[in-house]
Amino acid sequence: MLKAILSQIISLYRICLHLFAKADTVQYPEEMPYLAPRYRGRIVLTRDPDGNERCVACNLCAVACPVDCIALQKTEDEHGRWYPEFFRINFSRCIMCGMCEEACPTYSIQLTPDFEMCEYDRQNMVYEKEHLLISGQGKYPGYSFYNVAGKAIKDKDKGEALNEAQPIDIKSLLP
Amino acid sequence: MEELTIFLVIYGTLLGAFGAAAVLVWFERRLLGFWQDRLGPNRVGPFGIGLALADVIKLLAKEDWVPPFSDRLVFIFAPTAVVITMLLGFAVVPYTEHLFIADLNIGLLFFLGMTSLAVYSVLLGGLGSHNKYALLGGLRSAAQMVSYEVFMGLSLMGVVMISGSFSLVDIVKTQAENGWFVISQFFGFIVFLMAGIAESHRLPFDLPEAEHELVAGFHTEYSGMKFGLFMLGEYLSLILISSMITTIFFGGWLGPSFLPDLVLDFVPPIIWFFAKTGTCICFFILLRAAIPRPRYDQLMSFGWKLLLPLTLVNLLITGAVLLWL
Amino acid sequence: MIQLGLFYMAATITVVASLLAVTRYNASHALIYLIVSLLGSAIIFYVLGAPFAAVLEVLIYAGAIMVLFVFVIMMLNLGAAGVDNEHQWLQPRMWIIPSLLCLLLLAEILFLLNTSSHALSGTVVGPKVVGIELFGPYVLAVEIASMLLLAGLVGAYHLGRRYLLDMRGESL
């Protein structure tokens, strides 16, 4: 009993000392907290160095998304390059988990250190492609999926990609 | 005393008590914040003191709702009881030797009677709500308050024995000669402190409203200004208990005797009273910040098995010393 | 003059509250009126010059005993069924004989009050006097009352002990 009472008195004393300790509070709107560059916040779609959309509408992000907040539709241009016809993220559902970023084979979808996305109207939380697309390359400058992929597009035929051998002519018998 | 002075003191007490209770809403949160390494409310006005006003406006503007399943008469009567009894309790507090509303020859008993009547607000609030959490809170408070009233009364009897009077002014005057009662009646002080916390159901002993078990206990169904009255009553009882501790055990308006006479002559008595009461309130808030809530059976056994024997022994020794020494 | 006015006001409140306490169907309402009536009688005590008795009335009766009454009412959880029960019990043929008896008693009291000459003495009886009286001439009554209370306490503990032992699975 005596020990229990003593412990209460000690805890009173220790808590009282905290009057002189520095508060841990960050006064948020005036004093912005530091967010790391890889902080998982608002999602953006990036472009490759040529200024084209990186997204190839493979749907992996939509599959990986645990809350199903990503919706997109694939389409092609006249040279066979894939791109999303629409790309829609419902940020009122998004939990900023970053699974889409991990799933993306082209570094197109990226999370940014920005979380201040409050809206009065819930419909405004649904971002379309023109809201998501940024003009830069995001966290992976210089990377272009089509430059390392074997697919033929405009101005780049098969075998012209980075580290890619010429395609084998299966109709020839030469080694 | 002249009638005008009495009226002034009455209105001063009323305004002061209400104002202090409103400011305490802000002050308690702020102080709790500091003790928990936070800042506390600091947005509204300088240092956040506008929070007191904002809270009052919010409570007044809220819908004053009486649940259809409740017992209307009891439900509406309950919150008024605590405020009325606590304000009545201020009638016997002597701020200085000449500044008080009434110096009853039974002042101490009057205070005890008023605190014991304050139970009804919690009890009837729980009964009238027709809600099981409220009922459980009311039941708990009934048992807790009735038990701790016993120790509260008994712990003060040693003081009454030494000073030979129930009048609070006389009790303070005795302390001018004999030294503060916190030294000679230390165990009485400890028990009165505990019982005071339990009576005003402040945080370590706030089992009637224990929010993690009983939602909000007896005021689960209350909203708007009726809830505001409960809150006001709680802060009023905090102030009342603090000023009673000051008056009975810490020498009321007397300055500490170890200070040089120059300081004692310079500082007016009322400053000493309010400074001591304020310190006491801060201590209550520190208790809230530091001590976890005990279990209900722990609370009861702590009261009956530790505090009651302690008070009885204290009473016995005090009586023996007075009789034979 | 003020004292007389206070007395009549408190007396009226007490009588009305007592009547309401008897006639209410809802038990919790009846208890509230009973508390009010006790507080009223406390004020009467105070006006008659017995402040100590007045405070004890508030402290013991209104503050402790009635709390236990309310406690019991809460435990019983009387709802609409209790109100219906009271409706049945409060038929005129149930209360007419007790009321007649009460009227008889009231007449007796009025008669006694009329014949006795010293009403409203106006002397203030302080706590010290009460204490000396209690432990002087009336010490026997105090002791008997305390014995009674002790017996009640021991009995309550005995009943509670059986329950506690049952809970722990032991026998007496």
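1. Strand pairing in chain A. β2(A) and strand β3 (residues 82–90) of chain A pair in the antiparallel sense over seven bridges. Two strands count as paired if DSSP finds at least two bridges between them; strands are DSSP runs of E of at least two residues, helices are runs of H or I of at least four, and both are numbered from the N terminus. The model is predicted, so local features need pLDDT of at least 70 and side-chain atom pairs count only at pLDDT 80 or more, whereas totals for chains, interfaces and linings use all residues. Residues are numbered from 1 along each chain as its sequence is written, chains are lettered from A and ligands numbered from 1 in the order in which they are written, and side-chain values use heavy atoms, with hydrogens and water left out.

2. T75(A) has Y83(A) as its bridge partner in β3(A), and A71(A) has R88(A). β2(A) and β3(A) form a hairpin with five residues between them. In the turn, G80(A) has a positive phi of about 90 degrees.

3. The sheet. β2, β3 and β5 of chain A form an open sheet of three strands in the order β2-β3-β5, with antiparallel pairing. β2 (70–76) and β5 (126–127) of chain A stand at the edges with a single partner strand each, so one side of each is left without a neighbour in the sheet.

4. Nonpolar cores. A core here is a set of buried Ala, Val, Leu, Ile, Met, Phe, Trp, Tyr and Cys residues joined through side-chain atoms within 4.5 Å; buried means under 20% relative accessible area, with a 1.4 Å probe and protein chains only. The largest core has 106 residues, and F111(B), Y120(B) and F249(B) have the most contacts inside it. Helix α11 (residues 224–249) of chain B gives the largest share of this core, 13 residues. Apart from it lies another core, of 24 residues, including C61(A), C100(A), C104(A) and L132(A).

5. Chain contacts. Contact means heavy atoms within 4.5 Å. Leaving aside neighbours within four places in sequence, Y120(B) is in contact with residues including I35(C), A62(C) and M66(C). Chains A and C are joined by no contact, and their closest C-alpha atoms lie 23 Å apart.

6. Helix contact in chain B. V159(B), I162(B) and S163(B) in α6(B) meet I171(B), T174(B) and N178(B) in α7(B).

Methods: Buried means under 20% relative accessible area, exposed over 50%, partly exposed in between (1.4 Å probe, protein chains only).
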